[in-house]
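Subject: Structure handover

Hello,

Here is the structure I promised to pass on. My notes on what turned up follow below it.

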Amino acid sequence: MVSNLAGGRPPRHGVEPGTQLGALEAYAAQAHGYLSAGGEQLSQLAGLLRPAVLESWLRSVRGGIDPMDLLDGRGLRGADLQRYRDAHPIAALMPLIDKLLVQDTARTGLIVAVADQFGRALWVHGNSDQVDAAAEIGLRAGDDLSERRIGTNAVGLVVRTGRAAWIHGPEHFLHRMHQITGVAAPVHDPDGRLVGVLMIAGGVRVAKPEILALVKATSTAAEMDLLLSAMRAGQHGSSGRAVAYDSTTGEIAVARLGLDVLGLGQPLLSVAGDRVPLSQRHAEILLLLAEHPEGLGADHLALLLDDTDLDNGTIRAAMSRLRAVVGPSVFGSRPYRLRVHVATDIEALRAALDSGDVDSALRLYAGPVLPRSTAPGIIDIRDELRVRLRTAVLSSGDTAVLRRWTACAEGRDDAASWAAYRATVDRDSPLYAQIEAKIRVLDRRLGADATRMQRSGS
């Protein structure tokens with residue numbers, strides 16, 4: 001199968017678990033062939049692996065990881081492991097994790113691993129046979145699962161990026177891990193620091209969107225438990241609009257925050273159901289922080305907002321004004337980061353694209369991201385999203401999708417999109433003739449524009 005892939009099509013970027021698994025396995029297997037060859041053959045890895053996986057593989061190569069590395073005895077064991085995990089903050093969350101994750105999955109033959117912020121597995125739960133099998137490939141309590149130690153894997157990728165990740169079969173850098181799929185999500189403390197990673201591992205059954213959703217939901221519940229504990233201990237501010245703690249009832253209230261930035265309308269912040277108009281600059285800052293959950297230093301944020309000399313004082317003033325709008329508990333400092341999740345309309349659109357639902361993605365696309373913004377960071381997001389959506393539309397082969405795209409402002413004069421639309425229509429239909437006429441108009445216009453450019457250049 002691998003030998004016939006040379007003229008094939010690389011797997012889609014950003015695919016959800018459960019989609020195109022055969023293609024992922026085949027292309028990853030071919031990538032391992034190039035990896036074994038080394039040298040110039042490493043350049044062939046691009047296009048065979050998902051972007052995040054490719055970047056992780058390249059870091060693993062630079063770090064000197066051997067894909068054929070055998071299991072060794074290194075790791076925390078016995079009393080040393082017990083002392084370490086008993087003192088770790090995530091130990092307090094284990095009853096919750098056991099209730100939400102371990103009890104159900106253990107009965108299905110899957111493995112639940114809980115790692116610390118560095119990627120060291122502290123607990124590995126499942127039935128005894130599955131735990132023993134996992135230990136044989138290096139997934140055992142006390143082992144270092146960081147990317148630095150064993151290369152590309154779900155836990156290591158979460159530690160590296162701070163975002164949920166899944167790695168399927170031969171996408172793992174080490175050959176001994178090719179028989180498993182891992183789905184992992186981060187757990188952050190109230191100040192946004194990574195404190196641990198939750199992972200479900202097993203066979204191909206793990207590669208389902210609902211498994212990823214389960215792990216994410218459990219990590220969110222764990223984060224809320226940490227936040228509640230911190231507030232009860234008086235360690236976390238509670239005066240902000242987005243987060244509040246009622247000392248009388250002992251209940252925590254976390255407002256649902258949403259951000260709408262697509263289209264020509266005014267940017268809007270949704271707080272507990274209320275929609276609050278935002279200034280352009282405030283919307284830019286919120287979106288950039290939502291896109292960088294690891295946080296942004298003042299200098300980095302300044303560069304993303306303006307490629308001229310935007311000083312740190314201006315950034316501090318803008319952040320102060322934004323805190324007055326959304327409340328101080330929403331942000332952390334040094335670096336600036338969001339302490340609560342802000343659901344953006346961009347996030348919803350990407351989720352639709354990730355799941356292959358181009359029709360829904362196109363319906364969600366109200367227009368470019370903050371179209372009046374000239375901030376470099378926003379322009380990058382705008383361009384990335386438009387290119388990704390256009391690529392999905394052109395690849396869809398769906399007449400209805402292509403009709404809507406060519407009717408909107410961004411697709412109206414897109415000759416490639418009209419050609420793709422034409423390919424889905426019966427040649428004998430009146431619609432085909434209309435599309436053909438539009439393409440001729442665009443071709444003439446393109447030719448006229450090229451002529452004008454040549455004359456002006458001469």
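Start with Leu 101. Leaving aside neighbours within four places in sequence, Leu 101 is in contact with Val 112, Leu 198, Ile 200, Leu 214 and Thr 218. Contact here means heavy atoms within 4.5 Å. Leu 101 sits in helix 4 (residues 94-106). Leu 101 counts as buried because its relative accessibility is 0%. Buried means under 20% relative accessible area, exposed means over 50%, and partly exposed is in between (1.4 Å probe, protein chains only). Leu 101 and Leu 198 are 97 residues apart in sequence, yet their C-alpha atoms are 9.2 Å apart in space.

Some ground rules before going on. This is a predicted model, where local features need pLDDT of at least 70 and side-chain atom pairs count only at pLDDT 80 or more, while totals for chains, interfaces and linings use all residues. Residues are numbered from 1 along each chain as its sequence is written, and side-chain values use heavy atoms, with hydrogens and water left out.

The overall picture

The protein has 458 residues, and 45% of them count as buried. Its secondary structure comes to 17 helices and 13 strands. Both are DSSP runs numbered from the N terminus: helices are H or I with at least four residues, strands are E with at least two. Among contacts with a separation of 6 or more, 57% are between residues 24 or more positions apart.

The cores

In soluble globular proteins, nonpolar side chains tend to be buried together. The largest nonpolar core here has 57 residues. Such a core is a set of buried Ala, Val, Leu, Ile, Met, Phe, Trp, Tyr and Cys residues joined through side-chain atoms within 4.5 Å. Which residues touch the most other members of the largest core? They are Leu 287, Phe 331 and Val 369.

A helix crossing

The axes of helix 9 (residues 280-291) and helix 11 (residues 312-326) come within 10 Å and cross at roughly 90°. Therefore helix 9 is roughly perpendicular to helix 11 (the term covers angles of 65 to 115 degrees). Helix 9 contributes His 282, Ile 285, Leu 286 and Leu 289 to the contact, and helix 11 contributes Ala 318, Met 319, Arg 321, Leu 322 and Val 325.

A buried Asn

Asn 153 is in the loop between helix 6 (147-150) and helix 7 (154-161). At 3% relative accessibility, Asn 153 counts as buried. Its side chain reaches the backbone oxygen of Leu 145 at 2.9 Å. Beyond four places in sequence, Asn 153 touches Leu 145, Ser 146, Glu 147, Ile 167 and His 172.

Most residues other than glycine have a negative phi, and most peptide bonds are trans. Arg 334 has a positive phi, near 55°. A cis peptide bond joins Arg 334 and Pro 335, with omega about 0°. Leu 370 is in the loop between helix 13 (358-364) and helix 14 (376-396). Are these two residues buried or exposed? Arg 334 counts as exposed because its relative accessibility is 84%, whereas Leu 370 is buried at 3%.

Best wishes

Conventions
Axes are lines fitted to C-alpha atoms, for helices over the stretch in contact, and angles run from 0 to 180 degrees between N-to-C directions. Angles under 35 degrees count as roughly parallel, over 145 as roughly antiparallel, 65 to 115 as roughly perpendicular and the rest as oblique. A polar contact is a pair of N or O atoms within 3.5 Å; within protein, one must be able to donate a hydrogen and the other to accept it, and residues adjacent in sequence count only if both atoms are side-chain atoms.
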